[in-house]
Structures are given as structure tokens and as C-alpha cells.
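Hi,

Here is the structure I promised to pass on. Have a look at it first, and my notes on what turned up follow below.

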Amino acid sequence: MTTNFNSMQKARSIFVIAAFGFLTVCFLHSCRTNDSANVERSQESKPPYPYYSEEIEFINSKAGVHLAGTLTRPSRYGSYPAVVLITGSGPQDRNEEVNKGHKPFLVIADHLTRKGIAVLRFDDRGTYKSSGDFQQATSLDFVNDVESAVSYLKTRKDIDTTKIGLVGHSEGATIASIVASRGGNTAFIVLLAGPGLRGDTLMLMQGEMMRKSAGMSKENIQKTLQQGPGLYNIVRKSQDARTLKEELTKYISGLDISKGEIPPNVTREQFIAQQVDVISSPWWQFFLKHDPATTFQKVSCPVLALNGGKDWQVTADENLAVIGSSLKKGGNQNVTIKELANLNHFFQECETGSPNEYTMIGQTFSPTALSEISDWISKQVDK
């Protein structure tokens, strides 16, 4: 099963946001856009590659999950520093293929490998060639998958096991920070559009921006801001799954839901039940309760945090500020934080940053951002 726009519409990757008087859907890693079939993906390299590429498998023994991926390294011979690429929210394949053909992890892996760094990228559990149940997993399950990837790299003679780092995008940045906070031998982490704010705060900010861009009235935007906290607080305070569903159903049933917000051939009761099922899922519960700031305070390895200046989904100013202050509070002295102008959530050069632009942009990943990543990693591994 290859991850694409159609499958993403039905996946757990949706970010439910209180809006239009109720719950509407914004996809963190896929958005409804115009057709882009004729847009060239010029950064996507084609074989034969000037480096060695190998299909690999490894096991998360804790979960009994078999994970499949690709390991690229500068040559078949030698011992190299390495990174594990960690995808964002939703069921992603090893290339993090989204937005009708963009393959950002393929582009990143190609760039880093040409710079002398081995790269392991893998399909999320339950996606493409990896086994497991994605829908029942939380970020902590994905943390275990990433730790298994690192353990696999440490078994290889062609990898310098003292120089294995993590590069995570969006939710993948959260996962990278949790892995690093557990100690071990994480050499460094790169956070690409990583959240610093807690999930409920992040969602309210994202929802407000989306609705402003859609031309929603100030009255309806204010309605969103009033309803969201109540919904999220129920999830954050809940300790019991059955009670949680009952409380969510009661809360949502009391909201003013217009007929235009309910899809055709779906009753009001069915619509409410669908929303309750999504927001009471294990992944959502963890996302809304997890405070990234406390995790960053425990990260002692070198950190590079990058955000696009036009990122609507994980806004640069607010999130980078929390990441920086939290790392500093924890005593981390090797921290580089940069906001890259005119880049969106996927680090594409853009006009507005709106998700409506994603698929229409030919560029998959900004060369400036690629250089920032590879130059910084090279400095860490050359020490």
C-alpha cells in the first residue's frame, strides 16, 4: 500500500480542529488542492546513483513489527556516519511521499548520501512493506520503531556507531526528541518543522490561520477558539477510554452543528460518532497530552531546529521559541535554531505558505534547507 493523497484522506493523519461551529478536518501531511499532474518534480534523482543503495529489513522486537526500508551510503565499502529519517504524521512510506508525487525523504537521502552520510529511511509500521497496525499506534510506538532502526544500524560494520543521528519532520521531530531524551547514544538530532507547543495549543493556532485564509468571519473564528479548548480539555483530563467517549459525545452533541457541516447521507448522530472515534484514538490522546517542552529539557545532544517562515501548520516564531528556551533550560549548549524565509511546512519555496500551494510547487525541498542540514551534520560528525 503506497501512501498517497486518497489514502491519506481516510487515515489517522487528520488533524481535527474545532471550526465552523464544530469539527472540520485539516490534513497535516496532505491537503485538498488543484490537480498537479503536469508539475515536474525536478529534484527527484534517478538511478544509477553515485552511491550504494540497499533494501533492508529490521525488527522492533517489543512490538513484533517487521520494518522495511532503504539504506543508502556513499560506497559499498568504508564506515560512515548515519542518520535515520523519521516521517511526519499519518501513514507514510520511506520517501514520505505526499502531495501527489513529492518525495521529500528521497530528496533528503540523496543529498545527504552524496555528502558522505549514510541514510536509513523506512516505511511506517503497517504501511507499504512494513508490518504492524498503524491505526492503533501512538508517537511512543513510533519511538520504539526508530530505536529499533538505530539498533539495526549499530549491527553494521559499514556504519560508524558513534555517529548516528536522527532527522525528523513535523511529528517525526517530536519522535526524534523523545528518542534523544531517553539518553543512549544519539549523536545529534535535526528537527524539521518540529512542534514546541503542546498539541491542543498547536491545533488552535493552526485552525485559526486556516480559517482566516479561507475568509471565515471573525465571529466564526471566535466560535472556533471558544469551542476548541473545551473539547481538548476533555481528552487531556481523561483517564478512561469509555468515559472519554461518553464525555466527548455529550460535549459535541451540545454544539451548534449546521446541516452544511454534515456530509451527505450521514446522520447527525453518525457524524458525531465519527468525530468521537477520531479524537478519542490512542494517537490523538497522546498528541494532546504530550508537552514537547518537558522532553526538550532532557535532550543533551546537539540540536538543529529549522522552520519555514511561511509554515502555517507549525508556525516558526512560537514553536522555535519554545524549543530554544526548553533546550536552554535543560542546559544544552549545542543548539542551532533557524527560521528560513519563504518556506512552507514542507520546506518548499512558496508564495503564501498555504496548503493549497503544496502540490502546485515543482520544488520538493529547498536547496537552502538541504545545505543547512548537511553543513550542520558535517560539523557534528567531523568533530
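**What I found**

A search of the whole structure turns up 0 disulfides (a disulfide being a pair of cysteine sulfur atoms within 2.5 Å). As for individual cysteines, Cys 301 counts as buried because its relative accessibility is 8%, and Cys 350 is buried too, at 12%. The cut-offs here: buried is under 20% relative accessible area, exposed is over 50%, and partly exposed is in between, with a 1.4 Å probe and protein chains only.

Before you dig in: this is a predicted model, where local features need pLDDT of at least 70 and side-chain atom pairs count only at pLDDT 80 or more, while totals for chains, interfaces and linings use all residues. Residues are numbered from 1 along each chain as its sequence is written, and side-chain values use heavy atoms, with hydrogens and water left out.

**Salt bridges**

There are 15 salt bridges in the structure (a side-chain nitrogen of Lys or Arg within 4 Å of a carboxyl oxygen of Asp or Glu). One of them pairs Asp 158 with Arg 73, with 2.9 Å between the closest N and O atoms. Asp 158 sits in the loop between helix 3 and strand 7 (159-169) and Arg 73 in strand 4, so this pair ties together parts that are 85 residues apart in sequence. Both Asp 158 and Arg 73 are buried. (Helices are DSSP runs of H or I with at least four residues, strands are runs of E with at least two, and numbering goes from the N terminus.)

Another one joins Glu 147 and Arg 182, whose closest N and O atoms are 3.1 Å apart. This pair also links distant parts of the chain, 35 residues apart: Glu 147 is in helix 3, and Arg 182 is in the loop between helix 4 (171-181) and strand 8 (189-192). Arg 182 is partly exposed, at 43%.

Then there is Arg 198 with Asp 200, at 2.9 Å between the closest N and O atoms. Arg 198 is partly exposed at 25%, whereas Asp 200 is buried at 6%. Salt bridges with shared partners also join Glu 54, Arg 73, Arg 156 and Asp 158 into one network.

**Strands 3 and 4**

Strand 3 and strand 4 (residues 65-73) run antiparallel and are joined by 9 bridges (strands pair if DSSP finds at least two bridges between them). Glu 55 has Thr 70 in strand 4 as its bridge partner. The two strands form a hairpin with 4 residues between them, and Gly 64 in the turn has a positive phi of about 65°.

What does the side chain of Ser 130 reach with a polar atom? The backbone nitrogen of Ala 68, at 2.9 Å (polar contacts are N or O pairs within 3.5 Å; within protein, one must be able to donate a hydrogen and the other to accept it, and residues adjacent in sequence count only if both atoms are side-chain atoms). Ser 130 is in the loop between strand 6 (118-122) and helix 3 (139-153), and is buried at 7%.

Gln 43, in the loop between strand 2 (22-27) and strand 3 (52-60), is partly exposed at 22%. A polar atom of the Gln 43 side chain lies 2.6 Å from the backbone oxygen of Phe 365.

Finally, helix 9 (residues 282-289) is mostly covered, with 6 of its 8 residues buried, including Trp 283, Trp 284 and Phe 286.

Cheers
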